[in-house]
Amino acid sequence: MAATIDRPVTYPSITAAGRRPVDYVWAVARIAIGWIFLWAFLDKTFGWGFATPAGKAWIAGGSPTTGFLKGTGENALGGLFSTLAGQAWVDWLFMAGLAGIGLALVLGVGTRIAAVAGTLMLALMWAAELPLANNPFLDEHIVYAIVLIGLAMTGAGATLGLGNLPIVRRNAWLR
């Protein structure tokens, strides 16, 4: 009977010339989710009429958190979240989060920080909607959070992004 030798699994290094197809899938997922966050920031800021009408835009004096958070009043944690609606510090924190997470993911720099912040934001939005209308537990907020965690774990900023810049490679917190 032949003996087998267990060898450690090695993965190919990620270089400009050695990308695997899965690296591009993760990169496209990173850019797509980044665009979701960035688009939400832009539409809420300027009221381009997709989810936010011009009259309710942030630059027109509208509150980017009021619509969503006021609608949570009847939900399990609605009392907590509805009291936060329209407060300036909540609006600024929410909008800074949308812009920062969106830019980091689209550019491929700071994807780990963006993944943590995005997962936290999505978890809070998920909690505000409890109980869910269409599923007892899972909705798009949880799915996006899972993808964000995958992005952070795979180093997705290095493909189709600025994650290969020398400054990013030297500073782990920028990955």
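Tutor: Start with a definition: helices are DSSP runs of H or I with at least four residues, strands are runs of E with at least two, and both are numbered from the N terminus. On that basis the protein reads α-α-α-α-α-α-α along its sequence. Keep in mind that this is a predicted model.

Student: How many helices and strands does the secondary structure come to?

Tutor: The count is 7 helices and 0 strands.

Student: What share of the protein is buried?

Tutor: Of the 175 residues in the protein, 37% are buried. As for contacts with a separation of 6 or more, 61% of them are between residues 24 or more positions apart.

Student: Why is Asp139 called buried?

Tutor: Buried means under 20% relative accessible area. Asp139 has a relative accessible area of 11%, so Asp139 is buried. Asp139 lies in the loop between helix 5 and helix 6.

Student: Which residues is Asp139 in contact with, leaving aside its neighbours within four places in sequence?

Tutor: They are Trp126, Glu129 and Leu132. Trp126 is 13 residues from Asp139 in sequence, and their C-alpha atoms are 7.7 Å apart.

Student: What makes Thr52 a buried residue?

Tutor: The cut-off is again under 20%. The relative accessible area of Thr52 is 7%, and therefore Thr52 counts as buried. Thr52 sits in the loop between helix 1 and helix 2, the latter being residues 66-70. Not counting residues up to four places away in sequence, Thr52 touches Asp43, Lys44, Gly47 and Ala57.

Student: Which residues of helix 6 are buried, and what do they pack against?

Tutor: The buried residues are His141, Ile142, Ala145, Leu148, Gly150, Leu151 and Ala152. They pack against helix 1 (21-46), helix 4 (88-107) and helix 5 (111-128).

Student: Why are helix 1 and helix 6 called oblique to each other?

Tutor: Angles under 35 degrees count as roughly parallel, over 145 as roughly antiparallel, 65 to 115 as roughly perpendicular, and the rest as oblique. The axes of helix 1 and helix 6 cross at roughly 130 degrees and come within 10 Å. That angle belongs to the rest, so the two helices are oblique. Their crossing is left-handed.

Student: Which residues of helix 1 and helix 6 meet?

Tutor: From helix 1 there are Trp26, Ala29, Arg30, Ile33, Ile36 and Phe37, and from helix 6 there are Tyr144, Val147, Leu148, Gly150, Leu151 and Thr154. By class, this contact has 9 nonpolar, 2 polar and 1 charged residues.

Student: What makes helix 5 and helix 6 roughly antiparallel?

Tutor: The cut-off for that term is over 145 degrees. Helix 5 and helix 6 pack at about 165 degrees, with axes 9 Å apart. The pair is therefore roughly antiparallel. The crossing of helix 5 and helix 6 is left-handed.

Student: How do the residues of the contact of helix 5 with helix 6 divide by class?

Tutor: Residues of helix 5 including Ala115, Leu122 and Trp126 meet residues of helix 6 including His141, Ala145 and Ile149. The contact divides into 10 nonpolar, 4 polar and 1 charged.

Student: At what angle do helix 1 and helix 4 pack?

Tutor: The angle is about 145 degrees, and the axes are 7 Å apart. The crossing of helix 1 and helix 4 is left-handed. Among the residues that meet are Ile33, Phe37 and Phe41 in helix 1, and Phe94, Leu98 and Ile101 in helix 4. By class, the contact of helix 1 with helix 4 has 16 nonpolar, 3 polar and 2 charged residues.

Note on methods. Residues are numbered from 1 along each chain as its sequence is written. This is a predicted model: local features need pLDDT of at least 70, side-chain atom pairs count only at pLDDT 80 or more; totals for chains, interfaces and linings use all residues. Side-chain values use heavy atoms; hydrogens and water are left out. Buried means under 20% relative accessible area, exposed over 50%, partly exposed in between (1.4 Å probe, protein chains only). Contact means heavy atoms within 4.5 Å. Axes are lines fitted to C-alpha atoms, for helices over the stretch in contact, and angles run from 0 to 180 degrees between N-to-C directions. A crossing is left-handed if the near helix is turned anticlockwise from the far one by less than a right angle, and right-handed if clockwise. Ala, Val, Leu, Ile, Met, Phe, Trp, Tyr, Cys and Pro count as nonpolar, Asp, Glu, Lys and Arg as charged, and the others, Gly among them, as polar.
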